[in-house]
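Here are my notes on the model, point by point. Have it open while you read.

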Amino acid sequence: MKIAEDNPSTLSALDRPNSYIGRSVPRPNMGRLLQGRAQYVSDVTLPRMAHVAFVRSPHAHARISSMDGALAKKAPGVIAVVTGAELAEVITPWVGVLTHLKGLKSAPQHAIAVERACWAGEAVCAVVARTRAEAEDACELVQVDYEELPAVTDPETALDSGTRVIHPEIGDNLCFERVHIAGDPDQGFKNADAVVEHTFVFGRHTGVCNEPRAIVADWNPGEARMTVYQGTQAPHMMQNLFAKHLELAEHQVRVVTKDVGGSFGIKVHTYADEMATVALSKLLKRPVKFVADRIESFVTDIHARDHRIHAKIGVKNDGTITAWEIDDLTGIGPYSVYPRTSGIEANQVVNLTGGPYTCGNYRARARVVFQNKNVMCQYRAVGHPIATAVTEGLIEMAAVKIGMDPLEIRRRNLIADDAHPSQGPSGIKFEALSHHSSLAHLDSMMNYAGLRAEQEKLRKQGIYRGIGFAQFIEVTNPSAAFYGVGGAKISAQDGATVRLDATGAIFCHTGVSEQGQGAEAVIAQCVATSFGVPMDRVRVIMGDTDNTPYGGGTWASRAAGIGGEAAWQAGKALRQNVLAVAGSILQAKPETMDIRNGVVVDLDTGKERIGLDEVARIAYFRPDTLPPGFQAELMATRHYVPRAWAFAFTNGIQASYLEVDTDSGFVKLLKHWCVEDCGTVINPQLVDEQIRGGIVQGIGAALFEQCLYDSRGQMLNGNMADYLVPMAMEMPDMECGHVVTPTADSELGAKGAGEAGTAGAPGAVMNAINDALRPLGAKPLTDMPFTPDKVLRALGKI
Amino acid sequence: MKPAPFAYAKARSLDHAIELLARPDGEARLLAGGQSLMATLNMRLSAPKLLIDLNGVKGLDGIAAKDGAVEIGAMVRHVQAERSADIARYAPLIALALPHIGHAAIRNRGTLGGSIAFADPAAELPACLLALGGELDIAGHKGKRTVKADDFFKGLFETALGPNDVLTAIRIPAATTETRVGFAEFARRHGDYAIAGLAACAKASGAGLSDVRLAYFGVGNTPIRAKNAEAALAGGDIEGAVKALGGDLDPQDDVQSTGAAKKHLAGVLLRRVAKQLMEARP
């Protein structure tokens, strides 16, 4: 195995012989993926498997007056035509609330709409047939009469008395409201020499996965068990939910997750059509497959963002920030998504705004309102890009107002690197952050002074370039504080089981899952290092609720920090067990030995004592030769959950350098930098890939992506030609740097890195555009995405 | 995203394709490169009863420079034209436009004839054909005919092609030392359909230009000649030409851009393309 890039960890605790921590080890699953031998759900074919397609509501809000499936039932290949009412006999509805988000409310959602469709794209009828094509043909034959109802499509008027209430039984269109006041914001604004106030708008967008959502459900009446093959981030969470709503015991459900073609938070929610597929399998007693096509993905995969924030900052002439204020309004779908709710993103915005800075005078309000649009929930870097862009946008506008350099104003307000533990204005707690070192690293990495000089020179030639920054914090390694305390059965802990096989190789079973981000590699690195074998003697087993320790899966950047620590500890425990066996074979004290590179060695001299294959041979095949009463234990399990801190916050700073064509309004990205601190870096290449991929998604938000809806609730650009995902040609070169502040909550010290890129990029690009256009007197652009149209309008050209 | 059921026939010859088109059993569509058609079928935006595959028909994929013209067979693929020395030499406007069309995978399959017959108003090639004053060879059950590009594009996705017609080739005047061409477009991402684009052709005439033909795309229901601007530009007045666009174009809002931005961008394109036209040919 070739090691592409070495960046040994500075941490001696992890610096074991044959350590893989801090090394860019190639992914063990690379061969499988690159040779086309991966197994995605789309590849799963079972005997008697049927395919389901859904008739979806063309209206944003409509009563289903009548439905007639008679013609469809007679169509070639059709096995069943099932309405919402019929399916409701098999699967119970759900309500997406969490008790710790006080007052959050929603209405029961069915797998298939029963009497009323609440967004354009909601399934109203299922057609099961021998093939997907036959199912789609028959869908066209289902006669549905709709009585169109007024659609709620403008968050600004959703709470007005004249606006129709989508679910009259819950009283109004308010899903969730949070008000938070800290310090003395009024006094803070009074003390300010300058107050900057602005409205920021974040477009609704979605995570476009290479592999769409896909599921095969296989109800076996013979053993009364449901096996579900699903591209999901959280197999155990889904096991719980399938069991609960099919009214089965949890052990009657097995969720198997093989390869997953990208998730980005899209595949960690309960989708009505996936619940329907599972219910259909139970109803029809045969395997049923559903693979969302791209068109239905756009109107059913969760959307995210869509925030409008009025925001205000007070600042003194010396740069001291005196107060913050935000008022966030976000329009979600007609239901709060189950089980993580649609209130989390707004809640995060309140939590994270102002987070890197010392000013504690803060007033925030967030309101989440129901809309007759596709459902909204958590997508990569939940709330972060919004809070970061608002905070960083305000700071750069304030810097301009008082005539201070944008890095200098940050230096004067960032929480000092030696002032931790500390907390943010919302009360969130930080164990240890490195804002100042990260900023200093970025400053030198990008040659800030040199770029400013170049910018100045080019302006004289009529070339308008901009430099923008975004300091950010990132929520990773969540404890039970995220969901468990709110009553959702989503595990915060994770486990790993390591087993020595009969030849001296090890199997590691883990509760975290692989989505394409490289979790499999990271788990293998951790366990190979702590146990003491080469990487090629580690096999990682994930994504099977029958065969892995109970765990949370992959979300909120937890796989490496939590799953990695569990694997690290399990490897250590197995090492002790194996050394006990070796000790009894060699008549030596186990504590005088170690396992290095697959061999039991003398701890002090490193001299070889016995091979693992020999230990395994004796333990498994000749246990009779071991001393009486000695039992070899060649499997060890350890669990880990962060306890000392609710979240392992990471931090970092990004910078964008770009050029605006002031004739056309087009923005050309020239370069992007990110310095971040995710604690111990287990695999530098995978971390940098996470950062770069995240930056690209953040740039998507800033310049390209938006789910456009008309006033009747129709999505206007739900296809890959009109919904613009960021593509390679428009992306800048991205340079990553690291500062390492490990968390003391785990031995590994690793925090997450999956959200950092997405958290900072939109704010950095926004600030760079405004920096470029400032000499032209353009009004600051704060309404993402920044299309050429909006740039031209800001310049007064149209 | 599965197409509605359709029948498929592989045409053995041009006459066979025309014969299949003429069958009275419902709507038939010609399949060339399939880069637009297959997507519309899969999205069930169209559901023809019969697809007639032209990919086996011989004699439609040649590029030939003769008698002061370049003839390009309708089944010539974008990639083939991109690599053709004759196109580079005699049809430099098309050579300029080709790299902007979709992505490599699309250009490997897509055909010039398919793009022109489909007549997407935001596509590059229809505008190029119009700017070059080209003509189109059409075969139908009543025989063959030739239509000028100026008379070909009738409306949104509507052309002079009848339901039983096959576009067989396009012909454009071969570039000479006097020929000047220019091309520019604004697309949100490389390879996207343009928000606005301009294909232009002119003759060098002393220090100025004559026979200026400006064909815009992405700003109306068809590629559009900006005739007022052409006249102004022939008089050497670039800013006058930009002003004259007001009478030539009336772009509407679409999902990527407002009409106002398109109109503004049309002027930016004109300044940039005029500069290309006025530069000496290397």
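1. Helices (H or I, at least four residues) and strands (E, at least two) are DSSP runs, numbered from the N terminus. With that in hand, look just past α12(A): Asn447(A) has a positive phi of about 55° there. A caveat before going on: this is a predicted model, where local features need pLDDT of at least 70 and side-chain atom pairs count only at pLDDT 80 or more, while totals for chains, interfaces and linings use all residues. Residues are numbered from 1 along each chain as its sequence is written, and chains are lettered from A and ligands numbered from 1 in the order in which they are written.

2. Stay with helix α12 (residues 435-445) of chain A. Its buried residues are His435(A), Ser438(A), Leu439(A), His441(A) and Leu442(A); buried means 20 or more other C-beta atoms within 10 Å of the residue's own, exposed means 12 or fewer, partly exposed is in between, and C-beta atoms are placed from the backbone. They span an arc of only 160° around the axis, so they sit on the same side of α12(A). (The arc is that of the directions from the helix axis to the C-beta atoms.)

3. What do those buried residues of α12(A) pack against? The partners are α11 (406-411), β18 (464-474), β26 (650-660), β27 (667-677) and β28 (733-738) of chain A. Contact here means C-beta atoms, placed from the backbone, within 7 Å.

4. Next, strand β13 (residues 303-315) of chain A. Ten of its 13 residues are buried, so β13(A) is largely enclosed by the rest of the structure. It pairs antiparallel with strand β8 (residues 194-206) of chain A over twelve bridges, where Lys312(A) is the bridge partner of Glu197(A). Pairing requires that DSSP finds at least two bridges between the strands.

5. β13(A) also runs antiparallel to strand β14 (residues 321-331) of chain A, with nine bridges joining them. His307(A) is opposite Thr330(A) in β14(A).

6. Over to chain B, which has an open sheet of five strands in the order β4-β5-β10-β6-β7, paired antiparallel. Its edge strands, β4 (63-66) and β7 (143-148) of chain B, each pair on one side only. The twist averages 20° from one strand to the next. Between β4(B) and strand β5 (residues 69-73) of chain B there are four bridges, and Ala64(B) stands opposite Glu71(B).

7. Helix α1 (residues 14-21) of chain B lies across β6 (135-140) and β10 (166-173) of chain B, at about 125° to β10(B). Axes are lines fitted to C-alpha atoms, for helices over the stretch in contact, and angles run from 0 to 180 degrees between N-to-C directions.

8. Chain B divides into domain 1 (7-53), domain 2 (63-173) and domain 3 (179-278), with bounds from an automatic or database domain assignment. The centres of domain 1 and domain 2 of chain B, taken over C-alpha atoms, are 19 Å apart. Eleven residues from domain 1 of chain B and 17 residues from domain 2 of chain B make the contact. On the domain 1 side, α1(B) gives the largest share, four residues.

Technical notes
Contact = placed C-beta atoms within 7 Å.
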